[in-house]
Amino acid sequence: EGFHGISVSTSSSAGIVLGQAVQSQNVGSFSGTSRLSFDPPSAGQPAALNFSFTPEMDMEALSVLQLTLAGFQRRSGEVTAIAVTSEPPGKFVSAIWAEDTKTLRLILQSLVLARTK
């Protein structure tokens, strides 16, 4: 896992380096663990969002998690300090919605270790 058909080869002063596989990992990878649900699950009315994930790498405090929610809108445009609850408590405490880019930005308040919820 982590190999994506990428290899490196080069001619160098010490000789030729033949195709060496490169291992990589996406920054902020959640390896298929992310889940997004809505309550109520209906278009055209206000809804609570529930997003869960398990990160593949440590996420430092002040890291930004950005969700792009195409098709969503906020009637009053930009909003600051949307209340957020997290499990465990205090990891995320607020979010900012950007109507022009259709993104919800969550700022991490404390360290989240890799492979933990």
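How many aromatic pairs does a search of the whole structure find? The search finds 3 aromatic pairs, where rings of Phe, Tyr and Trp (its six-membered ring) pair if their centres lie within 6.5 Å, and planes under 30 degrees apart count as stacked, over 60 as edge-to-face and the rest as tilted. The model is predicted, so that local features need pLDDT of at least 70 and side-chain atom pairs count only at pLDDT 80 or more, while totals for chains, interfaces and linings use all residues. Residues are numbered from 1 along each chain as its sequence is written, and side-chain values use heavy atoms, with hydrogens and water left out.

Phe38 and Phe72 form a tilted aromatic pair, with 5.4 Å from centre to centre and 35° between the planes. Because Phe38 lies in strand β3 (residues 35-39) and Phe72 in the loop between β5 (64-68) and β6, the pair ties together parts that are 34 residues apart in sequence; strands here are DSSP runs (E, at least two residues), numbered from the N terminus. Phe38, at 32% relative accessibility, counts as partly exposed, as does Phe72 at 29%, given that buried means under 20% relative accessible area, exposed over 50% and partly exposed in between (1.4 Å probe, protein chains only). Elsewhere, Phe51, Phe53 and Phe92 form one aromatic cluster.

Glu99 is found in the loop between β7 (92-98) and β8 (103-108), and its side chain makes the polar contacts listed below, each being a pair of N or O atoms within 3.5 Å, of which one must be able to donate a hydrogen and the other to accept it, while residues adjacent in sequence count only if both atoms are side-chain atoms.

| Side chain | Partner side chain and distance |
|---|---|
| Glu99 | Trp97, 2.8 Å |
| Glu99 | Lys102, 2.5 Å |

Technical notes:
Helix = DSSP H or I, 4+ residues; strand = E, 2+ residues; numbered from the N terminus.
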